[in-house]
Amino acid sequence: MTNKRPDAELSPAWFLGQEVLRLRTAREWPQAKLASKAHMAVSRIGQIENATIPATLDNARDLDAALETDGILERLMVLVENPPVIPDWLALFIAFEGRATSLSEYAPMHVPGLMQTADYARAVLTTGLILTPSLSVDAQLATRLQRQEIVHRAQPPALWFVLEESLLRRPVGGPLVMAEQLGHLAAMADHPAVNIQVLPESIGAHPAMGGSLILLALPDGPNVAYLEGSSIGQLFEEPNEVARYGLVYDHLQAHALTPGESVAMIRLAQEDMTKMSKTQPQHDLTGADFRKSTRSNNQGACVEVALNLPSAVPVRDSKFAPEFSPVVTASPAAWAAFVADLKM
């Protein structure tokens with residue numbers, strides 16, 4: 001007996017949970033009996049079996065003792081604790097997202113991933129690397145940009161977004177990167193499948209404060225709610241829970257600006273970011289790690305490039321002292337295109 005979910009083989013936590021389910025049902029034990037023998041709550045058994053919150057090493061040991069499995073679950077934890085580049089909870093969400101007929105997202109802190117430009121996404125992911133150091137920024141960026149393909153399908157899902165007004169004023173990646181992102185967001189509002197609304201700061205407190213919320217309508221199963229914090233996400237599939245989050249989203253939409261009013265606010269924020277870029281340094285180069293080309297001359301003078309910043313690639317002439325060397329900056333996307341052209 002197993003629960004059918006997409007891409008289950010990609011998730012070690014899901015595989016372990018299904019082993020627990022198989023072993024329990026083979027003994028004809030209800031979840032309550034296994035919970036009692038393993039000294040944990042009944043709800044915890046359900047979380048482990050469905051991989052909504054993966055098992056811990058202590059959980060696996062307790063379940064091995066209760067099920068008399070000679071340590072197999074503890075050994076499986078090696079896979080659970082050393083996940084692939086995409087965490088299992090994210091892989092499962094992406095699989096659901098790819099099948100959804102509609103997606104409704106509340107975004108409190110940054111532009112939703114499906115609407116992000118490459119430079120904006122890189123800036124967001126580089127900051128987030130502090131929380132997920134095992135994941136490559138390039139790998140995360142490639143995954144995020146690949147997810148955006150659903151917007152351009154011949155029959156894309158209906159996409160609804162409610163954005164906090166404050167995120168429009170946050171210069172992620174610097175004012176120029178943010179201005180480009182806001183322009184892209186306003187342009188995407190013209191897409192027939194996309195509906196964007198801004199939630200004004202003036203409404204004050206509301207039920208969704210604390211994290212992002214995504215609701216997915218699936219064509220062949222119950223709907224799904226996905227809550228995401230700064231470093232981890234959690235899926236909810238129980239109908240009553242999903243319905244409760246649906247009511248929360250309805251509340252947000254009811255208090256948000258109309259799509260037309262929202263685009264007007266986005267355009268104003270874009271103008272402000274463009275003005276800001278003219279009065280502030282375009283990019284913060286603090287921490288730039290300049291490296292010389294391998295083709296330096298005998299005195300070591302050559303072009304130096306720093307590739308470790310999220311929103312800019314600064315270039316300077318090394319024959320000048322650093323404090324006197326003029327610096328030219330390009331966006332990461334523009335620099336990548338320039339390097340690609342050189343290799344052709």
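Which residue in strand 2 is the bridge partner of Ala-107? Leu-163 is that partner. Keep in mind that this is a predicted model.

Now for the setting of that bridge. Strand 1 (residues 102–107) and strand 2 (residues 158–164) run parallel, and six bridges join them. Both strands belong to an open sheet of six strands, laid out in the order 3-2-1-4-5-6 with mixed pairing. At the edges sit strand 3 and strand 6, each pairing on one side only. On average, neighbouring strands in this sheet are turned by 15° against each other, direction ignored.

Helix 10 (residues 239–255) packs on the sheet and touches strand 1, strand 2, strand 3, strand 4, strand 5 and strand 6. The direction of helix 10 makes about 115° with that of strand 4.

Here are the strands with their residue ranges:

| Strand | Residues |
|---|---|
| Strand 1 | residues 102–107 |
| Strand 2 | residues 158–164 |
| Strand 3 | residues 194–199 |
| Strand 4 | residues 212–217 |
| Strand 5 | residues 224–228 |
| Strand 6 | residues 233–236 |

On to a pair of helices. Helix 2 (residues 31–38) and helix 4 (residues 57–67) have axes that come within 8 Å and cross at roughly 110°. Angles of 65 to 115 degrees count as roughly perpendicular, so helix 2 is roughly perpendicular to helix 4. From helix 2, Leu-34, Lys-37 and Ala-38 meet Asp-62, Leu-63, Ala-66 and Leu-67 of helix 4. Sorted by class, that contact of helix 2 with helix 4 has five nonpolar residues, two charged ones and no polar ones.

Definitions and conventions: Residues numbered from 1 in each chain as written. Predicted model: local features only at pLDDT ≥ 70, side-chain atom pairs only at ≥ 80, totals over all residues. Heavy atoms only, no water. Axes fitted to C-alpha atoms, helices over the stretch in contact; angles between N-to-C directions. Helix = DSSP H or I, 4+ residues; strand = E, 2+ residues; numbered from the N terminus. Parallel < 35°, antiparallel > 145°, perpendicular 65-115°, else oblique. Contact = heavy atoms within 4.5 Å. Nonpolar A, V, L, I, M, F, W, Y, C, P; charged D, E, K, R; others polar. Pairing = 2+ DSSP bridges.
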